[in-house]
Amino acid sequence: MGKTKVLAAVLSGFVIVCLVMGLVVRNSYTGYGSFEEMENAENLDKYRVIADRAEEYPEFDSSVRDYAGLEEISDLIVKVSATDDRKLFPHTVTKTRVIVEEVWKGDVESGQELFIYEPAYFGNIPSKVYETIGGYQMMEEGEEYYLFLRRPEVSDGYRMSEKEKITYLPSTASYSKFPVREGETRVLDDQRLDTKGYTYGEVRNLEILTDRKKMLSVYKRLKSKVLENLEK
């Protein structure tokens, strides 16, 4: 499995706001100034998938396995529509702008924009990869999602900008994003994932990327509860 240690450093202690701003300067790492530019120039479907386990990253690892626990640790529970407004943070995260459609928990309103640090990214140095933590799948433009989110923590005394105040992280890497439109779910072959690998094009329609049956079972059970509680 890949080891995105830079991400662990960036998110450790969640002094994320300060550190991410420094990483913006390093966007030349991809050779592109924006995600849109990269998407237009590259065939992302051919990028090799690297799936890091959530337990490798304490900042995203969580013992939550039921809806009540997920609800409790989340500052926001919302339905959103993903936009094509994304920013690359090489070897870290992808920041995606979304529009809120419905709110079940939190102090935001329908129609409001939010920014989400998604624990997945596309990189092309030293090789072309799509790397994800805990099976997280990056949101697709125009699709709707139920999101369970929490605020990034910042160091004492740090004054957040207005944009930073509406920027969030998934509550967990594996169980915080559920597409409204039903996608595919299946267990990936663990040996293939570790050796030959999958391309992004082969797995892009999967709701979660995992080679563990138990993890997929937990995801399915949680999604069922999400739909039961939010689609009343």
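Predicted model: local features only at pLDDT ≥ 70, side-chain atom pairs only at ≥ 80, totals over all residues.
1. Residues are numbered from 1 along each chain as its sequence is written, and side-chain values use heavy atoms, with hydrogens and water left out.

2. On the fold, I get 7 helices and 9 strands (DSSP runs numbered from the N terminus: H or I of at least four residues for helices, E of at least two for strands). Taking contacts between residues at least 6 apart in sequence, 69% join residues at least 24 apart (a contact being heavy atoms within 4.5 Å).

3. Salt bridges: the whole structure has 15 (a side-chain nitrogen of Lys or Arg within 4 Å of a carboxyl oxygen of Asp or Glu). Take Glu 42 and Lys 128, whose closest N and O atoms are 2.8 Å apart. Glu 42 sits in the loop between helix 3 (35-41) and strand 1 (48-52), and Lys 128 in the loop between strand 5 (120-123) and strand 6 (129-133), so the pair ties together parts 86 residues apart in sequence. Glu 42 is buried at 17% relative accessibility, while Lys 128 is partly exposed at 42%.

4. Asp 85 pairs with Arg 97, with closest N and O atoms 3.1 Å apart. Here strand 2 (residues 76-89) holds Asp 85 and strand 3 (residues 93-105) holds Arg 97, so the parts tied together are 12 residues apart in sequence. Asp 85 is partly exposed, at 35% relative accessibility.

5. Worth a look: Arg 204 bridges to Glu 140 at 3.2 Å between the closest N and O atoms. Asp 45 joins these two in a network of salt bridges. Both Arg 204, at 29% relative accessibility, and Glu 140, at 25%, count as partly exposed.

6. Those two residues turn up again in the largest pocket: among its 15 lining residues, Glu 140, Arg 181, Gly 183, Arg 204 and Asn 205 lie nearest the centre. The lining comprises 4 nonpolar, 3 polar and 8 charged residues (Asp, Glu, Lys and Arg being charged; Ala, Val, Leu, Ile, Met, Phe, Trp, Tyr, Cys and Pro nonpolar; the others, Gly among them, polar). A pocket here is an open set of points on a 1 Å grid over the protein atoms alone, where a 1.4 Å probe fits, with protein on both sides within 12 Å along at least five of seven lines; lining residues have an atom within 4 Å of a point.

Conventions. Buried < 20%, exposed > 50% of the residue type's maximum accessible area, 1.4 Å probe, protein only.
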